[in-house]
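Subject: Structure for your review

Dear colleague,

Please find below the structure that I am handing over to you. My findings follow after it, arranged from the whole chain down to single residues.

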Amino acid sequence: KRKNPKHILFLGRFDMSQKGIDLLLQAYSKAREKLAYPLVIVGVGPDLEKIKNMIKELELDKYVRLTGPQYGKEKMKLLSQSLFVAIPSRSESFSLFTLEAIASGSPVNIFRIPGLSWVDEQASLRSEPFDVDAYAKNLVKMANIDLVNKMSKRAKKFAQKFTWDKVVNEFEDFFNEVLRMENK
């Protein structure tokens, strides 16, 4: 269940070239004076030192909390306390964490990239790929609790398309169709 928001959340691998954490930090830096929420960055990966250095360079020490990986109850607690989830990826396949965020009712702030094109536009705000200024504007826009509450309801409804039963049935239908085609 969603709780009173305490932060904006990024959760993922600390890999700037793919996950775009540098873009997020630049955008957050541009928007921080208009945001009442700190940014929590959760994960592990090869770019930890680069991220720490960038936080210092952008003077975000007071506004950004960097943690290691979080699992289970701690991960769910962070997600339930997030106003929204920032997913500034440069590339993605099908992001399971994006689906987890949406299913928990957390709308997402994303770039308009092919790997996230499946995300419902009513559960997300999108910026043109790697446009830091536009991403910063969407950070500010999503800091509106009324907008987030509307998006949260839409996000949960959209995520229902991806229940295990529905996905398994779709796979089964696909495999049956392939088998029918082979038997012709």
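How many helices and strands does the secondary structure of the protein chain come to? This is a predicted model, and its protein chain has eight helices and six strands. Followed along the sequence, these elements give the pattern β-α-α-β-α-β-α-β-α-β-β-α-α-α. With a radius of gyration of 18 Å, close to the 16 Å given by the globule rule for 184 residues, the protein chain is as compact as a globular protein of that length. Its C-alpha atoms fill a box of roughly 65 × 35 × 35 Å along the principal axes.

Some totals complete this overview. Of the 184 residues in the protein chain, 47% are buried. The chain exposes about 10,500 Å², and carbon and sulfur atoms supply 53% of that area. Among contacts between residues at least 6 apart in sequence, 67% join residues at least 24 apart.

Strand 6 runs parallel to strand 5 (residues 108-111), and four bridges join the two. In one of these pairings, asparagine 109 has leucine 125 in strand 6 as its bridge partner.

Helix 2

The buried residues are Ile21, Asp22, Leu23, Leu24, Leu25, Ala27, Tyr28 and Ala31.

Histidine 7

Is histidine 7 buried or exposed? Histidine 7, which lies in strand 1, has a relative accessible area of 3%; this is under the 20% limit, so the residue counts as buried. A polar atom of its side chain lies 2.9 Å from the backbone oxygen of leucine 78. Leaving aside residues up to four places away in sequence, histidine 7 touches Tyr37, Pro38, Val40, Leu78, Gln81, Ser82, Leu83 and Phe84.

Two residues with positive phi

Where does glutamate 59 lie? Its place is the loop between helix 3 (48-57) and strand 3. Phi of glutamate 59 is near 55°, a positive value in a residue other than glycine. Glutamate 59 counts as exposed, at 57% relative accessibility.

Phenylalanine 130 is found in the loop between strand 6 and helix 6 (132-141). Phi of phenylalanine 130 is also positive, near 65°, and this residue too is other than glycine. At 38% relative accessibility, phenylalanine 130 counts as partly exposed.

Yours sincerely,
A colleague

Methods. Residues are numbered from 1 along each chain as its sequence is written. This is a predicted model: local features need pLDDT of at least 70, side-chain atom pairs count only at pLDDT 80 or more; totals for chains, interfaces and linings use all residues. Side-chain values use heavy atoms; hydrogens and water are left out. Two strands pair if DSSP finds at least two bridges between them. Buried means under 20% relative accessible area, exposed over 50%, partly exposed in between (1.4 Å probe, protein chains only). A polar contact is a pair of N or O atoms within 3.5 Å; within protein, one must be able to donate a hydrogen and the other to accept it, and residues adjacent in sequence count only if both atoms are side-chain atoms. Contact means heavy atoms within 4.5 Å. The radius of gyration is taken over C-alpha atoms; the globule rule is 2.2 Å times the number of residues to the power 0.38. Accessible areas come from the Shrake-Rupley method with a 1.4 Å probe; for residues, only the protein chains shown count as cover.
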